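Please read them with the structure open beside you.

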Amino acid sequence: MMVADTWMVFLRRPLAIVAALMATLGIAFLNDSFAGTFNEKVTRTVRHVSPHLAAKMRPHLTSNFSLNLCLLATLIHASFRTPNLKTRLNTFHEEFRAVWFHV
């Protein structure tokens, strides 16, 4: 029954499949050998398309690029998930202050 419910979520929300694949890829990047191999294959592919771009990518395709990409993906996801993100953040801020600062 649980498996059938999971597949129904994917049918109702096709982007859930993309999210699941991206989560799986993110977990796979925690493995250093996979991340290194992926880095080499991406760099080799880009080198065939644009050698100049590959030269620029080579030293910077590490944690800085990955961190920025993950932050951007998180912000984009949050903006699509919450119709009024600013209001929700302000509400959270007020609740946080009420609990921790006893305002």
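Which helix is included in what covers the buried residues of helix 3? The points below come to that after some remarks on the model as a whole.

1. Basis of the note. This is a predicted model, in which local features need pLDDT of at least 70 and side-chain atom pairs count only at pLDDT 80 or more, whereas totals for chains, interfaces and linings use all residues. Residues are numbered from 1 along each chain as its sequence is written, and side-chain values use heavy atoms, with hydrogens and water left out.

2. Confidence. The pLDDT, which is the predictor's confidence in each residue from 0 to 100, averages 78 over the protein chain, and 80% of the residues score at least 70. Among the elements of the chain, helix 3 has the highest mean value (88) and helix 1 (residues 2-12) the lowest (66). Where pLDDT is low, the predicted coordinates should not be read in detail.

3. Overall make-up. The protein chain has six helices and zero strands, where helices (H or I, at least four residues) and strands (E, at least two) are DSSP runs numbered from the N terminus. Of its 103 residues, 8% count as buried, a term that means under 20% relative accessible area, with exposed over 50% and partly exposed in between (1.4 Å probe, protein chains only). The chain exposes about 9,300 Å², of which carbon and sulfur atoms supply 70%; the areas come from the Shrake-Rupley method with a 1.4 Å probe.

4. Helix 3. The 18 residues of helix 3 should span 26 Å at 1.5 Å a residue, and its end C-alpha atoms are 26 Å apart, which agrees; the expected span is 1.5 Å times one less than the number of residues. N39, T43 and V46 are buried in this helix, and, seen down the axis, the buried residues of helix 3 fall within an arc of 70°, so they line one face. That arc is taken from the directions from the helix axis to the C-beta atoms. On the other side of helix 3, K41, T45 and H48 are exposed. As to the question above, what covers the buried residues of helix 3 includes helix 4 (51-57).

5. Aromatic pairs. The structure holds six aromatic pairs, counted when rings of Phe, Tyr and Trp (its six-membered ring) have centres within 6.5 Å, with planes under 30 degrees apart called stacked, over 60 edge-to-face and the rest tilted. The rings of F34 and F38 have centres 6.2 Å apart and planes at 20°, so this pair is stacked. Both residues lie in helix 3 (residues 32-49), four residues apart, about one turn of the helix. F34 is partly exposed at 31% relative accessible area, and F38 is partly exposed at 35%.

6. Helix 6. For F96 and W100, the ring centres are 6.2 Å apart and the planes are at 40°, so the pair is tilted. F96 and W100 both lie in helix 6 (residues 85-101), four residues apart. W100 is exposed at 58% relative accessible area, whereas F96, at 38%, counts as partly exposed. F92, F96, W100 and F101 form one aromatic cluster.

Note on methods:
Contact = heavy atoms within 4.5 Å.
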